[in-house]
Amino acid sequence: MNRILAALLALGIAPLHAESAPDPSDWDVVLETAKGQTVYWNAWGGSVITNEFIAWVAERVSEDFGVTLEHVKLSDTADAVTRVVAEKAAGKDEGGAVDLIWINGANFAAMKENDLLFGPWVNDLPNWQYVDVHGKTVQTDFTVPTDGLEAPWSMAQVVFMYDAEKLPAPPTNMQDILDLVRDNPGRFTFPQPPDFLGATFLKQALYDLADDPAPLLKPVQDADYDSVTAPLWAYLDELTPLLWRQGLAYPQSGPQQIQLLADKEIDLAISFSPGEASAAIENFELPDTFRTFVLEKGTIGNASFVAVPYNANAKSGAMVVANFLMSPEAQARAQDPKYLGVGTILDMDKLDESDRALFDDIDLGVATLTPEELGTALPEPHPSWMTRIQDDWTERFGVGRE
């Protein structure tokens, strides 16, 4: 069971309606209230370039809005959610320690279901007008409607990174990857679930191997779980002994996986950022012979979001940070592989000429696929699938971390 849901049930938390809070439709008041506030942004801290991007955001919101942004570096988003749950159980309904969370999927679904989020507020942010609400999945999170409770700040889609000098013709499906690994044992791995990237590999494999992926978009209890996942477990039974270190050890994160590529211990790696390989080349982490590919049936994509807990101490400051993250300035910097290399949430047709030029001037890098090459992203499965398959993976294949 998802440990956040387990904690909620153990504490007997009943649904709670949000307290009175700043009105995002009166933005001038929000800006005035935000001045001098300190926003504690609880966000994954396992990537140097992501940490540097957040540090840049902190500089900019301090300069323009008088907001101090502190990055609380997490190894697991569930840690921040657990803290909000604990505060609720202790009756701390105001002045909470968490102001903003980088959140997705099961954690968002659990907080939304238990009314632990402030809002709705997102659609009233000034920069929401520029967001691509029709072409990108910015209003659902793993099939769960966001209902204005979390703000998107970047787009992601699964790609696979490979060295084109060693592999002139990349695989086109999961069976091709198995065949490649069979010919080159020990040269592939993925981060160890429940790391989000490792769990994403399992979902991507399930999508590609399932006879009918339609049940993945509904709660897992509505499907014949054993039948839907049978091809995945059969696939992993064959693949696992052929993995790096015979599947007895795994990298613990995406950055550790890239290090294995850089050290030439593996030839192929999954990424959830189409620009990550170009960013790694730009930062001299990978040689410039690396490229990326997607599978012919498509790859999973989603948006990254930020949300404000119901008891956040600096709600106005948190909304100002979220609004800045959606600005053309921040989005263009995030898309540039020199800084972060993620996809934008914005609709270029909604920007004026000067803002659009910020994106026109970006060199996406030699390893980044064009939007046409990426194709339309597959929707994330319902969050209950991720929880169930990563628990089953741990039972079947889990090993102690190094």
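Both faces of strand β8 (residues 268–271) are covered: Leu268 and Ile270 on one side, and Ala269 and Ser271 on the other, are all buried. Buried here means under 20% relative accessible area, exposed means over 50%, and partly exposed lies in between (1.4 Å probe, protein chains only). In a regular strand, side chains alternate between the two faces of the sheet. Helices (H or I, at least four residues) and strands (E, at least two) are DSSP runs, numbered from the N terminus.

Before going further, a word on the model. It is predicted, so local features need pLDDT of at least 70 and side-chain atom pairs count only at pLDDT 80 or more, while totals for chains, interfaces and linings use all residues. Residues are numbered from 1 along each chain as its sequence is written, and side-chain values use heavy atoms, leaving out hydrogens and water.

**Strands and the helices on them**

Strand β8 pairs with β7 (residues 159–163) in the antiparallel sense over four bridges. Two strands pair if DSSP finds at least two bridges between them. Within this pair, Val159 has Ser271 of β8 as its bridge partner.

Elsewhere, five strands form an open sheet in the order β2-β1-β3-β10-β6, with mixed pairing. β2 (68–74) and β6 (150–157) stand at the edges with a single partner strand each, so one side of each is left without a neighbour in the sheet. On average, neighbouring strands of this sheet are turned by 20° against each other, direction ignored. Axes are lines fitted to C-alpha atoms, for helices over the stretch in contact, and angles run from 0 to 180 degrees between N-to-C directions. Strand β1 (residues 38–44) pairs with β2 in the parallel sense over seven bridges, and Val39 has Leu69 in β2 as its bridge partner.

Helix α3 (residues 48–65) touches β1, β2, β3 (100–103) and β6, and its direction makes about 160° with that of β2. Helix α11 (residues 315–325) touches β1, β2, β3, β6 and β10 (301–307), with its direction at about 55° to that of β1. Contact means heavy atoms within 4.5 Å. Eleven of the eleven residues of α11 are buried, so this helix is largely enclosed by the rest of the structure. Among them are Lys315, Ser316 and Asn323.

**Nonpolar cores**

A nonpolar core is a set of buried Ala, Val, Leu, Ile, Met, Phe, Trp, Tyr and Cys residues joined through side-chain atoms within 4.5 Å. The largest has 53 residues, of which Trp41, Val57, Trp121 and Val321 touch the most other members. Two or more residues each come from α2 (27–34), β1, α3, β3, β6, β10, α11 and α12 (328–335). Leaving aside neighbours within four places in sequence, Val321 is in contact with Val39, Val57, Val61, Val67, Leu69 and Leu100. A second, separate core of 41 residues includes Ala156, Leu206, Leu242 and Trp393.

Thr229 sits in helix α8 (residues 225–239). Thr229 counts as buried, at 1% relative accessibility. Apart from neighbours within four places in sequence, Thr229 is in contact with Leu206, Trp385 and Ile389.

**Two domains**

The domain assignment, which comes from an automatic or database source, gives domain 1 (27–153 + 303–364) and domain 2 (159–301 + 378–397). Their centres, taken over C-alpha atoms, are separated by 27 Å. Each domain brings 16 residues to the contact. About 1,200 Å² is buried between the domains, of which carbon and sulfur atoms give 66%. Buried area is the accessible area (1.4 Å probe) that two parts lose on being put together, summed over both. On the domain 1 side, Phe142, Thr143 and Pro337 lose the most area to domain 2, together 41% of what that side buries.

**Backbone points to check**

Most residues other than glycine have a negative phi, and most peptide bonds are trans. The table lists some exceptions.

| Site | Backbone feature | Loop |
|---|---|---|
| Gly119 to Pro120 | cis, omega near 10° | Pro120: between α5 (105–113) and β4 (140–141) |
| Pro193 to Pro194 | cis, omega near 15° | Pro194: between α6 (174–183) and α7 (196–209) |
| Gln246 | positive phi, about 55° | between α8 and α9 (254–262) |

Asp115 counts as partly exposed at 24% relative accessibility, whereas Gln246 counts as exposed at 52%.
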